[in-house]
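Good morning, everyone. Please look at the model on the screen while I talk.

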Amino acid sequence: MTTGPTAATDPDPADAAGERLRRWRLVLGGDAADGTGCALSGQDSAMDGALTALYGKGDRPQSGRDRAAGLGASAPSVARWLGDIRTYFPSSVVQVMQRDAIDRLGLSALLLEPEMLAAVEADVHLVGTLLSLNKVMPETTKETARAVVRKVVEDLEKRLAARTRATLTGALDRSARVARPRHHDIDWNRTIAANLKHYLPEYGTVVPERLIGYGRASQSVKKEVVLCIDQSGSMAASVVYASVFGAVLASMRSISTRLVVFDTAVVDLTDQLDDPVDVLFGTQLGGGTDINRALAYCQSRITRPAETVVVLISDLYEGGIRNEMLKRVAAMKASGVQFVTLLALSDEGAPAYDREHATALAALGAPAFACTPDLFPEVMAAAIEKRPIPVPDTE
């Protein structure tokens, strides 16, 4: 008896070849020289039309009327196209195509119209684009834009908040554990586990020679965290994630959180941390960069250096005084500050960054690396406990 596939289950070679031609036809776009000889109909034809509208002009430079390719620089045609791609493609693909449309076809201005915003698939990158347009956004669009941003922020909070709080609460408890606690501060589970060798079977009990517990000020502020965020244009996704994490940290009573954004100016948005949407609309993406000035401000607000974690989120392209920036980091570390440098806080990995500055920071004991949102709680926990930072392997 054979164990191989039967003739009834074998794929038809003709069908498989036809499917390959269909896929190649969609990829190649139907140019006369595509060589497939495959005609599309029905939904395939509609999908091809949506792709051609965006990618039909290829990668050659575009300007003026050509720049609009198959979409046309009008809200109705773009809105129809947005509806089409949401019909034919999954959400992850829709987000990529929207991003490409904004970059390739210069459609940012159309996002200033409320009906356009209502039609888009919201994601972190779209939020970054909206924030960059914030200063020129008409009042009629701002409420719609805030609703779009709030949806993305709420989705991120659902994904990240619970795990972040759990991870950091554990780190805070471990960092605050004391060896001679008062009776009502004893951690009995850990105390018993640490003293099992002193179990007296005749009495059925453990004699605890070493008590483990938490400090009396378990509900007071244990750590201070300063998030110092570069708001240059390339850091848009990092700004979004950092604002969400800032709001989560600020909601924890044991952590005092300060959020500072900077370009060539420095803005303290700590008083808006109860709502990350307010934080985001308080940023101004783009402009120059003065890291030294931003760190000087953060340093001036540190009152308990041994209990402070400073997180610099920047691509390290310094427009200020390089040597002063490095001296400032060295001084903070010498005072006991835990200093973390993130080249990006996003799912995309590290953007272009200043490698010379990254190397210099690493030499000071502050390695610079890109961090995903999922890894960020572990990075913060390590900093709070003053143990080695889990730098991801980039090779």
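Some ground rules. This is a predicted model, where local features need pLDDT of at least 70 and side-chain atom pairs count only at pLDDT 80 or more, while totals for chains, interfaces and linings use all residues. Residues are numbered from 1 along each chain as its sequence is written, and side-chain values use heavy atoms, with hydrogens and water left out.

Start with the whole chain. The protein chain has 14 helices and ten strands. Helices (H or I, at least four residues) and strands (E, at least two) are DSSP runs, numbered from the N terminus. Of its 395 residues, 43% count as buried. Buried means under 20% relative accessible area, exposed means over 50%, and partly exposed is in between, with a 1.4 Å probe and protein chains only. Now contacts, meaning heavy atoms within 4.5 Å. Take those between residues at least 6 apart in sequence: 73% of them join residues at least 24 apart.

Next, the sheet. Strands of a sheet pair through backbone hydrogen bonds, either parallel or antiparallel. Here two strands pair if DSSP finds at least two bridges between them. Six strands form an open sheet, in the order β7-β6-β5-β8-β9-β10, with mixed pairing. Which strands stand at the edges? They are β7 (266–268) and β10 (368–371); each has a single partner strand, so one side of each is left without a neighbour in the sheet. Neighbouring strands of this sheet are turned by 25 degrees against each other on average, direction ignored. For that angle, axes are lines fitted to C-alpha atoms, for helices over the stretch in contact, and angles run from 0 to 180 degrees between N-to-C directions.

Look at β5, residues 223–230. Eight of its eight residues are buried, so β5 is largely enclosed by the rest of the structure. K223, V225, L227 and I229 point one way, and E224, V226, C228 and D230 point the other way. Eight bridges join β5 to β6 (residues 255–262), and the two run parallel. Within that pair, V226 stands opposite R258 of β6.

Over to β9, residues 338–345. β9 pairs with β10 in the parallel sense, over four bridges. There, L342 has F369 in β10 as its bridge partner.

Q284 sits in the loop between α10 (276–281) and α11 (291–300). Is Q284 buried or partly exposed? It counts as partly exposed, because its relative accessibility is 43%. Leaving aside neighbours within four places in sequence, Q284 is in contact with K135, Q231 and D263. Q231 is 53 residues away in sequence, yet the C-alpha atoms are 6.7 Å apart.

Last, the largest pocket. A pocket is an open set of points on a 1 Å grid over the protein atoms alone, with protein on both sides within 12 Å along at least five of seven lines; lining residues have an atom within 4 Å of a point. The largest pocket holds about 460 Å³ of space. That volume is the space filled by probe spheres set on the points, with grid points joined across faces, edges and corners. Its lining has 26 residues, and H125, G128, G233, A236 and A237 lie nearest the centre. Among the elements, α6 gives the most to this lining, with six residues.

Definitions and conventions. On a 1 Å grid over the protein atoms alone, a cavity is a set of points where a 1.4 Å probe fits but cannot get out, and a pocket is an open set with protein on both sides within 12 Å along at least five of seven lines; lining residues have an atom within 4 Å of a point.
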